[in-house]
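Keep the sequence and the model in view as you read.

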Amino acid sequence: MKTPSSVSQDEWEAARLELLVREKEVMRAHDALAAQRRRMPWLAVDKQYLFDGPDGPVSLLDLFQGRRQLIVYRAFFEPGVVGWPDHACRGCSMIADHVGNLAHLNARDTTLAFASRAPQPEIEKVKARMGWSPIPWYTITDEFDVDFGVDEWHGTNAFIREGGQVYRTYFINRRGDEYFGNTWSYLDMTALGRQENWEDSPEGYPRTPPYEWWNWNDEYAAAVDETGSERLGRVAAAINRGEAGRQQKEAPHDCCAHPAQ
């Protein structure tokens with residue numbers, strides 16, 4: 001193994017700062033890409049799709065769970081897939097292992113769901129054994145996978161709804177799925193994005209300061225409005241830590257750097 005040279009502290013810091021310039025360029029490019037996603041045209045989904053869930057048959061609209069946005073990851077767990085019936089595909093299993101606490105996505109009016117062709121009893125068993133119980137996971141019963149480009153390979157589709165009308169807004173597959181596993185990367189693929197006021201979004205899109213909606217996963221409001229969309233509560237008490245951090249020369253330890261920096 002040919003290792004890099006050993007240098008002084010000053011030389012190491014200079015090399016790090018040089019690389020940091022490139023890292024910032026990549027981050028800005030990612031932000032610009034996400035801004036383009038928010039301007040993608042919407043494709044109306046007029047076909048009716050049916051899934052099996054833990055409580056019986058559900059429609060694509062039902063998968064939203066009353067929220068405005070839906071992200072569906074097609075996981076390969078079914079007869080014929082390596083590991084069946086004890087495991088899902090290795091790659092899809094790694095994706096599931098990296099899914100974080102869904103309370104943060106839900107706070108942005110967004111639902112994440114998995115879909116496979118395995119029957120519900122098998123899905124429930126593997127979820128329990130692998131620690132995936134919090135992930136809503138449905139059984140595909142029709143041509144959903146074929147129609148949305150995930151019949152032969154895994155992939156992630158984003159949808160939005162306006163009342164009872166569902167629209168497809170974006171699609172990521174293959175190595176693009178490697179970036180998923182945290183709240184921000186999932187939100188970046190949606191039509192509304194992170195819904196933060198530093199983002200380059202079309203006029204009229206929902207926006208709040210980053211820190212105003214971030215919260216501990218057990219302190220998001222339990223209140224649900226008439227449409228079933230989960231809303232934030234105790235905003236003023238829970239956050240202002242972003243503002244407080246900006247007003248102080250030294251930010252408190254629970255205040256992360258602003259995403260736009």
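Contact means heavy atoms within 4.5 Å. By that cut-off, the buried residues of helix H3 pack against strands E4, E5 and E6 and helix H7. The model is predicted.

**Strand E4**
- E4 spans residues 69-74 and is mostly covered, with six of its six residues buried.
- In a regular strand, side chains alternate between the two faces of the sheet.
- On one side of E4, Gln69, Ile71 and Tyr73 are buried.

**Strand partners of E4**
- E5 (residues 110-116) pairs with E4 in the parallel sense, over six bridges.
- Within E5, Thr111 stands opposite Leu70.
- E7 (residues 155-162) pairs with E4 in the antiparallel sense, also over six bridges.
- Asn157 in E7 is the bridge partner of Val72.

**Helix H3**
- H3 covers residues 90-97, and its buried residues include Cys92, Ser93, Ile95 and Ala96.
- These residues lie on the same side of H3, because they cover an arc of only 155° around the axis.
- An α-helix has 3.6 residues a turn, so residues three or four places apart point the same way.
- Arg90 and Met94 are exposed, on the face turned away from the buried side of H3.

**What H3 packs against**
- The strands in contact with the buried residues of H3 are E4, E5 and E6 (137-140).
- Helix H7 (183-188) is also packed against by these buried residues.

Key: Residues numbered from 1 in each chain as written. Predicted model: local features only at pLDDT ≥ 70, side-chain atom pairs only at ≥ 80, totals over all residues. Heavy atoms only, no water. Buried < 20%, exposed > 50% of the residue type's maximum accessible area, 1.4 Å probe, protein only. Helix = DSSP H or I, 4+ residues; strand = E, 2+ residues; numbered from the N terminus. Pairing = 2+ DSSP bridges. Arc of directions from axis to C-beta.
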